[in-house]
Amino acid sequence: MLRWAIIFFVVALVAAVLGFGGIAGMSFEIAKFVAIVAVVLFLISLVAGGLRGRGTRI
């Protein structure tokens with residue numbers, strides 16, 4: 001998912017350099033949204049894994 005955020009960010013940079021302000025702004029907003037979702041999902045999985053624990057081995 002973080003790969004999509006990087007792709008949209010690169011598209012935004014290229015569009016900004018070429019002068020397409022609307023496309024650049026929209027791509028940046030999509031990249032920001034996808035990056036935030038990726039971070040939230042990472043934190044949720046981190047907390048869930050921490051709460052679950054490793055268990056005991058016999």
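These legends accompany close-up views of a predicted model.

**View 1. Helices H1 and H2 side by side.** Here we look at helix H1 (residues 2-18) and its partner H2, whose axes come within 8 Å and cross at roughly 160°. The two helices are therefore roughly antiparallel to each other. H1 passes H2 in a left-handed crossing. On the H1 side, the contact includes Leu 2, Ala 5, Val 11 and Ala 15, while H2 brings residues including Ile 23, Ala 24, Ile 30 and Val 34. By class, this contact has 17 nonpolar residues, one polar residue and no charged ones.

**View 2. Ser 27 in its setting.** Ser 27 sits in helix H2 (residues 21-52). With a relative accessibility of 8%, Ser 27 counts as buried, because the cut-off for buried is under 20%. Leaving aside residues up to four places away in sequence, Ser 27 touches Phe 8, Val 11 and Ala 12.

**View 3. Trp 4 and Phe 8, an aromatic pair within H1.** The structure holds two aromatic pairs. In the pair shown here, the ring centres of Trp 4 and Phe 8 are 6.3 Å apart and the planes lie at 35°, so the pair is tilted. Both residues belong to helix H1 and are four residues apart, about one turn of the helix. Trp 4 counts as exposed at 52% relative accessibility, whereas Phe 8, at 24%, counts as partly exposed.

**View 4. Phe 9 and Phe 28, an aromatic pair between helices.** The rings of Phe 9 and Phe 28 have centres 6.4 Å apart and planes at 55°, so this pair is tilted. Phe 9 in helix H1 and Phe 28 in helix H2 are 19 residues apart, and the pair links distant parts of the chain. Phe 9 is partly exposed, with a relative accessible area of 38%, and Phe 28 counts as partly exposed at 37% relative accessibility.

How values were computed. Residues numbered from 1 in each chain as written. Predicted model: local features only at pLDDT ≥ 70, side-chain atom pairs only at ≥ 80, totals over all residues. Heavy atoms only, no water. Buried < 20%, exposed > 50% of the residue type's maximum accessible area, 1.4 Å probe, protein only. Contact = heavy atoms within 4.5 Å. Axes fitted to C-alpha atoms, helices over the stretch in contact; angles between N-to-C directions. Parallel < 35°, antiparallel > 145°, perpendicular 65-115°, else oblique. Left-handed = near helix turned anticlockwise from the far one by under 90°. Nonpolar A, V, L, I, M, F, W, Y, C, P; charged D, E, K, R; others polar. Phe/Tyr/Trp six-rings, centres within 6.5 Å; stacked < 30°, edge-to-face > 60°.
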